[in-house]
Amino acid sequence: MRSKERQQTIIRYLAKANAPIAGGELAEMCGVSRPIIVGDIASLRQEGYPILSTPRGYTMTMPGSSSVKRIIVCRHDAARVEEELTTIITMGGVMYTIGVEHDVYGHIEASLYIRTLEECRQFIEKFASSANQLLSTVSGGVHTHLIGADTPERLSLIIDTLRQKGFLYETVVS
């Protein structure tokens with residue numbers, strides 16, 4: 001399969017998928033290695049395709065999927081990660097990213113793209129079974145999230161609930 005044909009195949013798979021698709025799975029579907037898929041994804045992003053890399057694989061964000069987004073600043077320890085995630089997700093929100101400010105590297109951001117309780121559960125299980133620390137440990141628990149919802153009212157309700165539960169450090173309007 002040639003490069004352009006393979007990239008169109010990747011777009012078709014991602015557009016139809018209800019969940020992220022692992023790079024290895026895309027490689028198998030296309031009959032190539034995972035590094036070739038990584039290169040194809042980079043090329044497709046350069047062309048403007050809204051492809052996200054998540055801990056569970058690649059996904060394509062569709063226009064209007066969460067029409068309202070906002071960056072929030074949170075602070076908590078590892079014991080409250082699941083509560084923070086499930087609060088956002090059960091209220092109809094999407095967690096797109098996590099970011100921290102690092103003394104040496106500046107702003108570091110990672111894509112999460114967690115939309116469902118199942119994806120939340122998978123994230124928590126993956127983290128619990130790894131030897132890694134939370135990204136927010138480099139900043140004393142302070143971190144940002146880009147979150148989204150389908151309406152401004154729903155997003156405000158999510159943010160108010162996070163504030164009531166003591167998660168918000170400060171809110172940044174973006």
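Reader: How do you know which residues and atoms count?
Author: Residues are numbered from 1 along each chain as its sequence is written, and side-chain values use heavy atoms, with hydrogens and water left out. In this predicted model, local features need pLDDT of at least 70 and side-chain atom pairs count only at pLDDT 80 or more, while totals for chains, interfaces and linings use all residues.

Reader: Why are α1 and α2 called oblique to each other?
Author: The axes of α1 (residues 3-16) and α2 (residues 23-30) cross at roughly 125° and come within 11 Å. Axes are lines fitted to C-alpha atoms, for helices over the stretch in contact, and angles run from 0 to 180 degrees between N-to-C directions. Under 35 degrees counts as roughly parallel, over 145 as roughly antiparallel, 65 to 115 as roughly perpendicular, and the rest as oblique. α1 and α2 are therefore oblique.

Reader: What makes up the contact of α1 with α2?
Author: Arg6, Thr9, Ile10, Tyr13 and Leu14 of α1 meet Leu26, Met29 and Cys30 of α2, where contact means heavy atoms within 4.5 Å. These residues divide into six nonpolar, one polar and one charged. Ala, Val, Leu, Ile, Met, Phe, Trp, Tyr, Cys and Pro count as nonpolar, Asp, Glu, Lys and Arg as charged, and the others, Gly among them, as polar.

Reader: Why are α4 and α6 called roughly antiparallel?
Author: Their angle is about 155°, with the axes 9 Å apart. α4 and α6 are therefore roughly antiparallel. Glu84, Thr87 and Ile88 of α4 and Ile158, Thr161 and Leu162 of α6 make the contact.

Reader: What makes α4 roughly antiparallel to α5?
Author: α4 and α5 pack at about 165°, their axes 10 Å apart. That makes α4 roughly antiparallel to α5. In α4, Val81, Glu82, Leu85, Thr86, Ile89 and Thr90 meet Leu117, Cys120, Phe123 and Ile124 of α5. By class, the contact of α4 with α5 has seven nonpolar, two polar and one charged.

Reader: How do you know which residues line the largest pocket?
Author: On a 1 Å grid over the protein atoms alone, a pocket is an open set of points where a 1.4 Å probe fits, with protein on both sides within 12 Å along at least five of seven lines; lining residues have an atom within 4 Å of a point. The largest pocket is lined by 21 residues, with Leu112, Phe123, Phe127, Leu134 and Leu135 nearest its centre. Its lining has eleven nonpolar, eight polar and two charged residues.

Terms used
Helices (H or I, at least four residues) and strands (E, at least two) are DSSP runs, numbered from the N terminus.
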